[in-house]
Amino acid sequence: DAHSDDEVILNITTSGGDLAALDLLEGLVGEIDNFTTVASGNCLSAGLYILMLGKTRKAYKYSTFMLHEASTSLGQDQISHHTSCIDILRTNTEARLHDFFGDYFSNEELSYIKSGKEFWFTAWEALNRGIIHEII
C-alpha cells in the first residue's frame, strides 16, 4: 500500500544517467506518502534530479553532487523508438532545471549550469542550500 506509514528509502550512488527514467520514477513516487532519498556517495547529474523526488532528502557527509545542463544519452537507433520522450525532454530541459533547482541556485549559477558547465558541491553545501534536509 503506497499510502501506508511505512517509509520507502531510495539510496542513490550514481555518476548520472538518462533523464528519460525520471519521468517513470516521478509517477511512482507521487503515489508514496513517505518517500526518502539518500545520497550515499556520488549523486551526479540525473542522480541529483532523482534525489530531489524525495519528500525527505538526506546525504552522507562524504557525498558529492554535480549538476549540469540536462541532456539525453540515447543512441540514434533508440531515438526512433523514443522520439516523443526525447522531444519532451529537449523542450522541457530548461523548465525542468528551474522546477527542480530554481529555489536552490542563484540565476547566475543556473546560467552557468545552462552554459554546459558542471557545478560541483559537497553535502554540507547541499544542506546549506536546502537541497537535502539532513546529513547522516
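This is a predicted model: local features need pLDDT of at least 70, side-chain atom pairs count only at pLDDT 80 or more; totals for chains, interfaces and linings use all residues.
User: How is a pair of aromatic rings described, and how many aromatic pairs are found here?

Analyst: A pair of aromatic rings is described by the distance of the centres and the angle of the planes. Rings of Phe, Tyr and Trp (its six-membered ring) pair if their centres lie within 6.5 Å, and planes under 30 degrees apart count as stacked, over 60 as edge-to-face and the rest as tilted. Searching the whole structure gives eight aromatic pairs. One of them, Tyr 49 with Phe 101, is edge-to-face, at 5.0 Å centre to centre and with 85° between the planes.

User: Which parts does the pair of Tyr 49 and Phe 101 tie together?

Analyst: Tyr 49 lies in helix H2 (residues 46-51) and Phe 101 in helix H4 (residues 83-101), so the pair joins parts 52 residues apart in sequence. Here helices (H or I, at least four residues) and strands (E, at least two) are DSSP runs, numbered from the N terminus.

User: Which residues form a stacked pair?

Analyst: Phe 65 and Phe 121 are stacked, with 5.4 Å centre to centre and 10° between the planes. Phe 65 belongs to strand S4 (residues 64-67) and Phe 121 to strand S5 (residues 119-122), so this pair ties together parts that are 56 residues apart in sequence.

Methods. Residues are numbered from 1 along each chain as its sequence is written. Side-chain values use heavy atoms; hydrogens and water are left out.
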